[in-house]
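Subject: Model for you, with notes on its aromatic rings

Hello,

Here is the structure I promised to pass on. Please load it before reading the notes.

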Amino acid sequence: LTLSEIKSMVLGSKLLRELELILFSGGEPFLRPDLVEIVTFFAEKYPDSQLLILSNCFNRVSVIEKLKRIMDTAPHANLMLGTSLDGIGEVHDRVRGVNGAFEGLCKTISEVRERFPRIRMEANFTIIPENYQQLFSAFSFASRYGAVNQLAAASTIEQTSPKTAAKMTVRILSLICVPPNPASYYDFID
């Protein structure tokens with residue numbers, strides 16, 4: 001949709017009068033040339049709403065440049081940046097299918113934290129057989145950046161062995177409970 005079509009749809013809708021959360025996703029939203037104008041429109045129309053942009057955070061320059069323009073244009077926007085954290089280092093790269101993806105993610109979120117402290121961060125971790133052993137490492141990593149953690153268990157859990165599925169389930173429950181000492185849970189399930 002064009003910006004004009006989005007405005008027309010939103011302004012003409014009785015159902016969209018009060019929104020609490022507005023999610024910008026894609027593909028990659030930061031590739032859209034008019035993302036700043038779209039987010040600004042929603043920030044002005046819904047000043048109390050949470051505006052969440054989901055990004056792979058690969059392209060630090062584009063993310064930073066557009067976040068700066070959004071914050072300059074709509075400084076009171078309740079903005080959140082969400083990303084997928086699929087593991088640490090090479091595991092993240094392998095799951096994403098892009099060499100250097102983890103390094104790009106780290107650089108982007110570090111700069112966002114430094115330059116835009118008002119922007120909240122969210123890290124989503126989808127548990128799959130390739131990354132379940134890094135669940136606590138990913139949680140710890142995201143916590144260092146002040147990111148809210150979200151969990152999802154991929155349907156591939158059904159394709160794993162019962163022992164692996166049980167380990168993943170315990171780890172999911174452990175993370176949800178935010179254990180004070182994750183190592184003790186590793187000892188329990190190993």
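This is a predicted model: local features need pLDDT of at least 70, side-chain atom pairs count only at pLDDT 80 or more; totals for chains, interfaces and linings use all residues.

Numbering starts from 1 along each chain as its sequence is written, and side-chain values use heavy atoms, without hydrogens or water.

Aromatic rings

The whole structure holds four aromatic pairs. Rings of Phe, Tyr and Trp (its six-membered ring) pair if their centres lie within 6.5 Å; planes under 30 degrees apart are stacked, over 60 edge-to-face, the rest tilted. Phe 24 and Phe 42 pair edge-to-face, at 5.7 Å centre to centre and 75° between the planes. Phe 24 is in strand 1 (residues 21-24) and Phe 42 in helix 2 (residues 35-45), so the pair ties together parts 18 residues apart in sequence. Helices (H or I, at least four residues) and strands (E, at least two) are DSSP runs, numbered from the N terminus.

Both Phe 24 and Phe 42 are buried, meaning under 20% relative accessible area (1.4 Å probe, protein chains only). Phe 42 also stacks with Tyr 46: centres 6.1 Å apart, planes at 15°. Tyr 46 is buried, at 4% relative accessibility. Phe 24, Phe 41, Phe 42 and Tyr 46 form one aromatic cluster.

Helix 2

Eight of the eleven residues of helix 2 are buried, so it is largely enclosed by the rest of the structure. Among them are Leu 35, Ile 38 and Phe 41.

Best wishes

Technical notes: Buried means under 20% relative accessible area, exposed over 50%, partly exposed in between (1.4 Å probe, protein chains only).
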